[in-house]
Amino acid sequence: NDYGQAAPPAGTFTQVSAGGFHTCGIKIDGSLACWGYDFYNQVADTPTGTFTQVGAGFYHNCGISSDGTLACWGYDYYGQVTNTPSGTFSQINTGGWHACAIQNDSTLTCWGYDAQGQASPPSGTFSQVSADEYHTCGIKSNGTLACWGRDDDGQATPPTGLFTRKQVGAGFAHTCGIRSDGKLTCWGDDEYNQVADTPTGTFTQVSAGDYHTCGVKNDGSLACWGWDYYHQADPPAGTFSQVSAGIYHTCSIRSDCTLACWGRDDYGQATPPTGTFSQISAGTFHNCGIRSNGSLACWGRDADGQATPPSGTFSQVSAGGYHTCGIKKDGTLACWGYNTDGQATPPTGTFSQVSAGAHHTCGIQNDGSLACWGYNAYGQATPPSGTFSQISAGGFHTCGVRSNGTFSCWGDNCYGQSFPF
């Protein structure tokens, strides 16, 4: 901490990046703060305005402003500042003396020091990039890895195979996803070991609650981990086809299509109705499920009408914080319950999937593009472009699986929940 690089300012932040001897972070209001070594004005020249991402290099920084354009400042001997490209970008990563960024069309551009080829990326489209001092690696849109630059220790010779995912579940401040090989990866807040205790084995579905997670294994049995004060992470025995983790309780559909719920039950949320169901969704203190005949059943807390569903038949339902949204048989949306932030006022059009978060909602439209609405202080309701196959809205962040099988997350990143592995 010779230069104060490890002495952050007060306040709350959504993202942070550590450079050579300085650090930069994005505050909750989107403004930037940098601190530490400042010989090249990498701290003093921090720009004003609001940003969605920042990356700190050895003596320079780059960030993506709210309009998608790039800003770089600090040491510029190799053109890592003056050669900053124009256009709009979705991701930035700053290496030692170079930087790489993914444009909105998913193509990659790099600039700055290139003696080892670290700023000369291959062609193609990418979903994620990471730049180090002398080499760079990225995940291509088809899920394979590409690396370039210095390779004396094999650091630019990646393993073969797909690095894609097939399902994601966003909790309050952590996220879990199923990779293409069926194995789980979790990241973000780990206060109750909801990341560290991620089980081994292969899974068909995963659902992240506030501080616990449950998944359906390939053999149909359940595994739960994380906070267990109300026994929400103590699943029953048997085989199951689906699971949904709420804030302090969990519900699941057995192989015979009946429901099982466990955990906190002060509003009756862990006392499910009888009958057979095709889908279940656990919210904060309420649940909703689709009966085998397509009608909805909701139970638990109903102070805001979140457990009083409309009539009709539905193909999918999602219970959020204090509101619920469902897709009708004709593909249109219906939402009900708490609506102070507009989270229960859906857009028009037809949808294939909907996910209700704490105070916002996101859905996949029939053309594969995303639409989000409701509370947006952390950018959780400002989705990226592109097409998606699955979406999950969490507390103040959202994650989705793109059509190519890769992850994208956006919104609050205080615990790293919006930065997938």
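**Entry 1: Val401 and its sheet**

I started at Val401, which stands opposite Phe407 in E33. This is a predicted model, so I keep in mind that every value here is computed from it. I then looked at the strands around this spot. Strand E32 (residues 397-402) pairs with E33 in the antiparallel sense, and I count 5 bridges for them. Both belong to an open sheet of 3 strands, ordered E31-E32-E33, with antiparallel pairing. At the edges I find E31 and strand E33 (407-411), each pairing on one side only. From one strand to the next, the twist averages 20°.

**Entry 2: Ser392**

Is Ser392 buried or exposed? I find 10% relative accessibility, and because buried means under 20%, Ser392 counts as buried. I also looked up what surrounds it. Setting aside neighbours within four places in sequence, Ser392 touches Val168, Gly169, Ala170, Ser355, Thr398 and Cys399.

**Entry 3: the sheet with E28**

One of those contacts of Ser392, Ser355, made me turn to strand E28 (351-356). Here I find another open sheet of 3 strands, in the order E28-E29-E30 and with antiparallel pairing. E28 and strand E30 (370-374) are its edge strands, and each pairs on one side only. Neighbouring strands of this sheet are turned by 15° against each other on average, direction ignored. I noted 5 bridges between E28 and strand E29 (residues 360-365), in the antiparallel sense. Which residue in E29 is the bridge partner of Ala356? I read off Thr361.

I moved on to strand E14 (residues 174-179). I note that 5 of its 6 residues are buried, so the strand is largely enclosed by the rest of the structure. E14 pairs with E15 in the antiparallel sense over 5 bridges. A pleasing detail is that Cys176 stands opposite Cys186 in E15. The hairpin of these two strands has 4 residues between them, and there Gly182 takes a positive phi near 90°.

From E15 I followed the chain to Thr198, which is found in the loop between E15 and E16. A polar atom of the Thr198 side chain lies 2.6 Å from the backbone oxygen of Val195. Leaving aside neighbours within four places in sequence, Thr198 is in contact with Leu184, Cys186 and Trp225.

**Entry 4: aromatic rings**

Last, I went through the rings. How many aromatic pairs does the structure hold? I find 38. One of them is Tyr192 with Tyr211, an edge-to-face pair at 5.4 Å centre to centre and 65° between the planes. Tyr192 lies in the loop between strand E15 (184-188) and strand E16 (203-208), and Tyr211 in the loop between E16 and strand E17 (212-217), so this pair ties together parts that are 19 residues apart in sequence. With 28% relative accessibility, Tyr192 counts as partly exposed. Trp227 and Tyr230 form an edge-to-face pair too, with 6.0 Å centre to centre and 90° between the planes. Tyr230 is partly exposed, at a relative accessible area of 27%. I also jotted down a charge over a ring: the charged end of Arg150 sits over the ring of Tyr134, 5.5 Å from its centre.

Notes:
Residues numbered from 1 in each chain as written. Predicted model: local features only at pLDDT ≥ 70, side-chain atom pairs only at ≥ 80, totals over all residues. Heavy atoms only, no water. Phe/Tyr/Trp six-rings, centres within 6.5 Å; stacked < 30°, edge-to-face > 60°. Buried < 20%, exposed > 50% of the residue type's maximum accessible area, 1.4 Å probe, protein only. Lys NZ or Arg CZ within 6 Å of the ring centre and 35° of its normal. Pairing = 2+ DSSP bridges. Axes fitted to C-alpha atoms, helices over the stretch in contact; angles between N-to-C directions. Contact = heavy atoms within 4.5 Å. Polar contact = N/O pair within 3.5 Å; in protein donor to acceptor, adjacent residues only side chain to side chain.
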